[in-house]
Amino acid sequence: MKKFTALSLALVLFFGSFAGLRLRASAQSASSAVSAILIEAETGAVISEKNADERRAMASTTKIMTAILTIEAGDLDREFTVDSFAILVEGTSMGLLEGDRVSRRDLLYGILLPSGNDAANAAAVSVGGSISAFVKMMNEKAEKLGLKDTHFANPSGLDADGHYTTARDLAALAAYAMKNETFREIVSCTSKKLEYGNPPYSRTLYNSNKMLSRYEGAVGIKTGFTDNARRCLVSAAERDGVMLIAVTLSAADDWNDHTKMLDYGFSRVKSYTLETGCTAQTAVVGSGKSVGVYAESAQLALIPESRERLERRVILPRMVYGGVTEGQKLGELQFVLNGKVVKTVPLLAKETVEVNGELSLWRKMLSFFGIYA
């Protein structure tokens, strides 16, 4: 009887795994794209993929990098006159003319909604000083983000030698960009009314990303097309605490591809409550006491079978100097999946512990030099 039970269990596990693989393979093969990938945004876990490491042209999905560098440069609302040479570019446009006055924020809407090549070039000159200098910044950022199969030749995505990415790299870039509040706000807009020009006048820019109106929970992010790249699309959708990012390169039917990919992803990924209880303590020098810590509740989206592989690390100094106040951050809980930290949760002091004035001064000195936060 025991042997029969064990055999039955083994068969269930085998055929269950086989069915999961078959579903995953089906999700890949159903895509019309040459290259595709679907990931969970926070952990980067791959849900399905197809030729995800094949280098291909990326068209205007390039503008994800152009936009995030523009945002990170700051000074978004200062107005300036666009570079007259930079805006002389073929393809899609936000309608910039020589002498027009804009802000970087205006350009971001022009870059990410109607996919303006003029806007991308104008932003590049504004941020980098020249298009070539900005392209260098793009490649430096790609290297910093670990995008090993990505190289940029221009800020707009027009076909050019040495301008390529992979579905995997593009998904990682999109996940990074979607962590930026300004970026997320802009790519989620179906339209935006702006005033710019010389003199400025009111106009409305419309988002080319149809997923925003076609798919429940869609929150972005970028379309693209050139003769060489064909139809390219990066989309993001969020439901019940789960954000998924889908990428297709050279797809004949990208809107339907993404609908199927995202539907499959939401059937596979769930948001789980993490175990954040912690009994650790740290000594408060000069008080003769130790202070306990706590972490607020947190959620993490996971593929069910990866849940058991999630590890938890407590990062907490053995002692702190100069007293602590209730709610002060003293360390963090790290949740690790396959060797990668996928979630951090602050560890906060449970109570206030005071020390004498001399040690309080010592704490201030350490804080000033960045030794104690």
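Reader: Which residues in α4 are buried?

Author: This is a predicted model. Buried means under 20% relative accessible area. In α4, the buried residues are N117, D118, A119, A120, N121, A122, A123, A124, V125, S126 and V127.

Reader: What does that say about α4 as a whole?

Author: Count the buried residues against the length of the helix. Here 11 of the 12 residues of α4 are buried, so the helix is largely enclosed by the rest of the structure.

Reader: What covers the buried residues of α4?

Author: Look for contacts, that is, heavy atoms within 4.5 Å. The cover includes α2 (63-73), β3, α3 (104-112) and α5 (131-144).

Reader: How many residues of α3 are buried?

Author: Eight of its nine, so α3 is also largely enclosed by the rest of the structure. The buried ones are R104, D106, L107, L108, Y109, G110, I111 and L112.

Reader: What span does α4 reach?

Author: Compare the end-to-end distance with the expected one. Helix α4 covers residues 117-128 and reaches 16 Å from its first C-alpha to its last. That is close to the 16 Å expected at 1.5 Å a residue.

Reader: What follows α4?

Author: G129 does, and its phi is positive, near 95°.

Reader: Where does D100 lie?

Author: D100 sits in the loop between β3 (79-81) and β4 (101-103).

Reader: Which residues is D100 in contact with, leaving aside its neighbours within four places in sequence?

Author: D100 contacts F80, T81, V82, G95, G197 and N198.

Methods. Residues are numbered from 1 along each chain as its sequence is written. This is a predicted model: local features need pLDDT of at least 70, side-chain atom pairs count only at pLDDT 80 or more; totals for chains, interfaces and linings use all residues. Side-chain values use heavy atoms; hydrogens and water are left out. Helices (H or I, at least four residues) and strands (E, at least two) are DSSP runs, numbered from the N terminus. The expected span of a helix is 1.5 Å times one less than its number of residues. Buried means under 20% relative accessible area, exposed over 50%, partly exposed in between (1.4 Å probe, protein chains only).
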